[in-house]
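Subject: Handover of a structure, with notes on what was found

Dear colleague,

I am passing on to you the structure shown below, and I would be grateful if you kept it open while you read the notes that follow.

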Amino acid sequence: MAVHSKHPASAPPTPPVREKTGHLLLRGWCIFVLFMSLSGVAWVHAFGTPVAAAITIGAGVLSVVLWIILRPPVQWRRLPWFAVTYVVWATLSILWSAWPSTTAITLLLLYLTTIQALFIGTVLTWRELVRAVASALKWVMALSLLFELAVSVFVRGPLLPGFVLPAEGADHDPIEYWSRDNLFDWPERIQGVMGNANLLGPVALLAIVVFGIRIAARAPRPGLLYAWIALSAFLFVRASSATAILAAAAVVVVLATVLLMRRARRPGERTKYYIAYAAVGAGGLLSLWLLRDTIFAALGRSSDLTGREAIWQAVLGRTAEHPWVGWGFATPWAPWDPAFDRWVVDHGQTVLQAHNMWIDVSMQLGIIGVVLIATVYLAFVWRSWFFAVDRPRWDLRADRPYSPLTLLPTLVGAILLVQGLAESTPLLLWGWLFVVMLGAKIKQSPHVGVGPAEQSAAIELGEQSSAVDEPHLVGDRAGRDETPSKQAP
């Protein structure tokens, strides 16, 4: 008969604390909300605009109800006030909007996205948040592959939104198709469940980043995570998005610089890295501009970014008429509004965005709006950068290990800033949600912590816990996320 003493070496192991069912359901709901945002217009393609709008509004109402019931701790003075200011200015634009109905509808989408971002960032800890984002991305990647596979195997031809087959003899432009049935036609581009290769590419890149961070954080079942990275890389390559490829280059540069910064041991040692980083960035932008014809030709694109310059000229022409306050918020443009219907046409279809977030904002909210959105991204990039390069510290101890989780915000910032040069996605859907969610999370919980997940959760919630400073909690288990949190939000 075994006899156990109270000595740590022979004491029986303590089973991990089980999460409450309510918290598991809450995390599942957050995964669904993230999936809705990351999958983009897939809901519109599948169910139509009215149904997609009803699901989006219903999800927002449910999150507000859950927020009221749960009452998670919130430091109201540490909200992302630059983002709130941008939302307020967008709201005020309805007073002079040239398209008030479109402004009202798109403002509702902006409100819902902002609320969902704050909700997720408030009720989940850092480890739970990254885990939830990874789960949502798995759904997007898997459904994108299965969707393209189903079209190629069962439909054996292009598919229109609403699961409609093209009529025989109908002359549809490829831009109209939800899927072009290109999965087995290498190297033709595939569009995934979003129905747009330029939306699939950046999300696949984000998936590679998140799954890599999970592996570095020593998440369980790393073999499966490598398989998810392989799937995401396949979709990234097949999407063949020039913007996503440039964003991937930016991610590599930012990641390398952050890891070099973390190696600094003496005051001022980071200066040389900052100089090298600035030189690489400036050189890259200069090379991109001077060699744009060669670069875009190598990527299979024209030097005007597949007609985007014509769109920019049209939008800037309208911007010049109301340069300071703009024409009124409209993100995205409503194709049924007379102000946008057939205003800018590409491949026979009404364009729904300016394909550049800065030009888009200048037309909608004027120079004031551009300054506000610039402060939003400047604040986000600034906080996320030092969140990644500075060692976690909340007392006199200065030797805590870095957490891979802190890499996520700054790498997301790199993706969105590059994407914003050719797309307006950073202003809506997952782009805006991630900026607000991660920016608010950094301000609310600037410490990821070390040791078991429950200790890190206590730190994030501002609770005092002396156990996190004990040496036996900092070691092989530091940074792991397989131990569930016993701290409900």
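In these notes, a residue counts as buried under 20% relative accessible area, as exposed over 50% and as partly exposed in between, with a 1.4 Å probe and protein chains only. The model is a predicted one, in which local features need pLDDT of at least 70 and side-chain atom pairs count only at pLDDT 80 or more, while totals for chains, interfaces and linings use all residues. Residues are numbered from 1 along each chain as its sequence is written, and side-chain values use heavy atoms, with hydrogens and water left out.

Contact here means heavy atoms within 4.5 Å, and among contacts between residues at least 6 apart in sequence, 73% join residues at least 24 apart.

Next come the aromatic rings. Rings of Phe, Tyr and Trp (its six-membered ring) pair if their centres lie within 6.5 Å, and planes under 30 degrees apart count as stacked, over 60 as edge-to-face and the rest as tilted. A search of the whole structure finds 19 such pairs. In one of them, the rings of Trp 43 and Phe 47 have centres 6.0 Å apart and planes at 40 degrees, so this pair is tilted. Both residues belong to helix α2 (residues 42-47), and because they are four residues apart there, about one helical turn separates them. Trp 43 is buried, with a relative accessible area of 16%, whereas Phe 47 is partly exposed, at 47%. The rings of Trp 430 and Phe 434, by contrast, have centres 5.5 Å apart and planes at 90 degrees, so that pair is edge-to-face. Trp 430 and Phe 434 are also four residues apart, about one turn, in helix α15 (residues 429-444), and both are buried. Trp 43 and Phe 47 form one aromatic cluster together with Trp 29, Phe 32 and Phe 35.

A charge sits over a ring if NZ of Lys or CZ of Arg is within 6 Å of the ring centre and within 35 degrees of the ring normal. Arg 318 lies over the face of Trp 343, at 3.8 Å from the ring centre, and also over the face of Trp 327, at 5.7 Å.

Which residues touch the most other members of the largest nonpolar core? They are Tyr 86, Phe 434 and Met 437, in a core of 107 residues, and the largest share of this core, 13 residues, comes from α7. A nonpolar core is a set of buried Ala, Val, Leu, Ile, Met, Phe, Trp, Tyr and Cys residues joined through side-chain atoms within 4.5 Å. Leaving out residues up to four places away in sequence, Met 437 touches Leu 34, Ala 117, Ile 120, Gly 121, Leu 129 and Val 133. Another core, of 13 residues, lies apart from the largest one and has Trp 99, Trp 327, Val 344 and Ile 359 among its members.

Two further buried residues deserve a note. Lys 441 lies in helix α15 and is buried, with a relative accessible area of 4%; a polar atom of its side chain lies 3.2 Å from the backbone oxygen of Gly 121. Val 203 lies in helix α7 and counts as buried at 1% relative accessibility. The C-alpha atoms of Val 203 and Leu 38 are separated by 7.1 Å, although the two residues are 165 apart along the chain. Val 203 touches, among others, Leu 38, Leu 137 and Trp 430.

Last is helix α8 (residues 222-239), whose 18 residues should span 26 Å at 1.5 Å a residue, which agrees with the 25 Å between its end C-alpha atoms; the expected span is 1.5 Å times one less than the number of residues. The buried residues of α8, including Leu 225, Ile 229 and Phe 236, pack against α6 (126-155), α7 (197-216) and α9 (242-262). Just after α8, Ser 240 takes a positive phi of about 50 degrees.

With kind regards

Key
Helices (H or I, at least four residues) and strands (E, at least two) are DSSP runs, numbered from the N terminus. A polar contact is a pair of N or O atoms within 3.5 Å; within protein, one must be able to donate a hydrogen and the other to accept it, and residues adjacent in sequence count only if both atoms are side-chain atoms.
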